[in-house]
Amino acid sequence: MSDCEDDYGKNNCIKLQSTLPGRMEYLYVDTPGYRADRIFIQHQIPVRFRRGECVKDGYEYVVVFCHFPKKREADFLTCMAQLERALLLEGHSDYRTACDELIGMLREAGQ
């Protein structure tokens, strides 16, 4: 794997403090059509969604809150890398910039 490939999926999600035993909680940036769902199904990850989603005016993306079994965290992160690759290939050339901005705002709000 090249250094370039290692960068995929690094900035489109945030690990949250989990309140559920044996579960991991994350938020991630997706399209309104929920492109990540197809990737989760492909990897057979039992992802559950919480707290609805957030939408920011001026962005064509949504921030989704989810949780899944702790033992599937590596698989989830693989899905996040695949999500980024898929969206870039599908013409979402602004995805990385949008992730940096949206995730940055959420990190600032959480401090």
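**Rings, a core and one aspartate**

I start with a charge and a ring: the charged end of R96 sits over the ring of Y8, 4.9 Å from the ring centre. Please keep in mind that this is a predicted model.

Next, the rings that pair with each other. Searching the whole structure gives 7 aromatic pairs. Take Y28 and F76: the ring centres are 6.2 Å apart and the planes meet at 70°, which is over 60, so this pair counts as edge-to-face. Y28 lies in strand β2 and F76 in helix α3, 48 residues apart, so the pair links distant parts of the chain. Y28 is buried, at a relative accessible area of 0%, and F76 is buried with a value of 0% too. Another edge-to-face pair is Y61 with Y95, at 5.4 Å between centres and 70° between planes. Here Y61 comes from the loop between β3 and β4, while Y95 is in helix α4. Ring pairs also join Y26, Y28, F40, F68 and F76 into a cluster.

Now the core. The largest nonpolar core holds 29 residues, and Y28, F40, F68 and F76 are among those with the most contacts inside it. Elements that each supply at least two of its residues include β2, α3 and α4. The largest share, 6 residues, comes from β4.

Last, D30. Is D30 buried or exposed? Its relative accessibility is 0%, so D30 counts as buried. D30 is located in strand β2, residues 23-30. Beyond its close sequence neighbours, residues up to four places away, D30 touches R35, Y61 and L83, among others. The D30 side chain also reaches the backbone nitrogen of R35, at 3.1 Å.

Terms used:
Residues numbered from 1 in each chain as written. Predicted model: local features only at pLDDT ≥ 70, side-chain atom pairs only at ≥ 80, totals over all residues. Heavy atoms only, no water. Helix = DSSP H or I, 4+ residues; strand = E, 2+ residues; numbered from the N terminus. Buried < 20%, exposed > 50% of the residue type's maximum accessible area, 1.4 Å probe, protein only. Contact = heavy atoms within 4.5 Å. Polar contact = N/O pair within 3.5 Å; in protein donor to acceptor, adjacent residues only side chain to side chain. Core = buried A, V, L, I, M, F, W, Y, C linked by side-chain atoms within 4.5 Å. Phe/Tyr/Trp six-rings, centres within 6.5 Å; stacked < 30°, edge-to-face > 60°. Lys NZ or Arg CZ within 6 Å of the ring centre and 35° of its normal.
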